[in-house]
Amino acid sequence: MSFFVTAAEWFINLFKAGAETFISWMTGIVPLILMLLIAMNSLIAIIGEDRINRFAAKAAGNPVARYMVLPFLGAFMLANPMVLTLGRFLPEKYKPSYAAAGMQFCHTSNGIFPHINPGELFIWLGIANGITQLGLPTADLAIRYLLVGLVMNFLGGWSTDFITAWVSKQQGITLKTELAHHH
């Protein structure tokens, strides 16, 4: 009988934990994302969507801008997961690659910019703790992590361009290479 009681308690505690997580999201991440969306949309309205589209078109033509500059700016200003929203200004052809570079940057910048991805800060802190125990400075590690991340994110984004083109060709899909104009 105690097995059934233990199983029932475990079952209800699982849902209690889910409810606590849900409430923490509603008081933490959801309002943050909503405020970031409002801020981004306000900034887009102030700058003008046409100007942003022109900037994105210039960035789309250059893999370094597309997979290093835009993900860096997006992650730094908007954090994870809002960095992905800048991809809306890129042609369809580059969206998978931008998503790859943007998400990777949210991980590799945590040591120097912890606001970008606070949910994964424990990974950085675990590594930093090991470095500290060795008597080494964590600032050097954070900068190396960021620099290696920029290069690897660029390579990940650019290689995704080739993979996307290959899969598109294989599947007989033509992705748009021009920006869609929003009115």
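Val69 is found in helix 4, where helices (H or I, at least four residues) and strands (E, at least two) are DSSP runs numbered from the N terminus. At 36% relative accessibility, Val69 counts as partly exposed; the scale used here calls a residue buried under 20% relative accessible area, exposed over 50% and partly exposed in between (1.4 Å probe, protein chains only). Val69 and Leu43 sit 26 residues apart in sequence and 18 Å apart in space, C-alpha to C-alpha.

A quick word on provenance: this is a predicted model, so local features need pLDDT of at least 70 and side-chain atom pairs count only at pLDDT 80 or more, while totals for chains, interfaces and linings use all residues. Residues are numbered from 1 along each chain as its sequence is written, and side-chain values use heavy atoms, with hydrogens and water left out.

**The largest pocket**

- The largest pocket holds about 350 Å³ of space; a pocket is an open set of points on a 1 Å grid over the protein atoms alone, where a 1.4 Å probe fits, with protein on both sides within 12 Å along at least five of seven lines.
- For the volume, grid points are joined across faces, edges and corners, and what gets reported is the space filled by probe spheres set on the points.
- The lining (residues with an atom within 4 Å of a point) comes to 17 residues, and Leu43, Ile47, Ile52, Met77 and Leu86 lie nearest the centre of the pocket.
- Helix 2 (29–47), helix 3 (49–60) and helix 4 (63–78) are the elements giving two or more residues to that lining, and the largest share, six residues, comes from helix 2.
- By class, the lining has 16 nonpolar residues, no polar ones and one charged; here Ala, Val, Leu, Ile, Met, Phe, Trp, Tyr, Cys and Pro count as nonpolar, Asp, Glu, Lys and Arg as charged, and the others, Gly among them, as polar.

**Nonpolar cores**

- The largest nonpolar core has 27 residues, and those with the most contacts inside it are Met40, Ala75, Phe89, Leu90, Tyr98, Phe105 and Ile116; such a core is a set of buried Ala, Val, Leu, Ile, Met, Phe, Trp, Tyr and Cys residues joined through side-chain atoms within 4.5 Å.
- Helices 2, 3 and 4, along with helix 5 (95–108) and helix 7 (138–171), each give two or more residues to this core, and helix 4 gives the most, with five.
- Apart from it lies another core, of five residues, among them Trp124, Ala128, Ile131 and Leu141.
- Leaving aside neighbours within four places in sequence, Ala75 is in contact (heavy atoms within 4.5 Å) with Val83, Phe105, Cys106, His115 and Ile116.

**Aromatic pairs**

- The count comes to six aromatic pairs, taking rings of Phe, Tyr and Trp (its six-membered ring) with centres within 6.5 Å, and calling planes under 30 degrees apart stacked, over 60 edge-to-face and the rest tilted.
- Phe3 and Phe4 pair edge-to-face, at 5.5 Å centre to centre and 70 degrees between the planes, and both are exposed.
- Trp158 and Phe162 make a tilted pair, at 5.9 Å centre to centre and 50 degrees between the planes; because they are four residues apart in helix 7, about one helical turn separates them.
- Trp158 is partly exposed at 35% relative accessibility, whereas Phe162 counts as exposed at 54%.
- Phe72, Phe76 and Phe105 form one aromatic cluster.

**Ser97**

- Ser97 has its place in helix 5 and is buried, with a relative accessible area of 0%.
- Not counting residues up to four places away in sequence, Ser97 touches Tyr67, Gly157, Thr160, Asp161 and Thr164.
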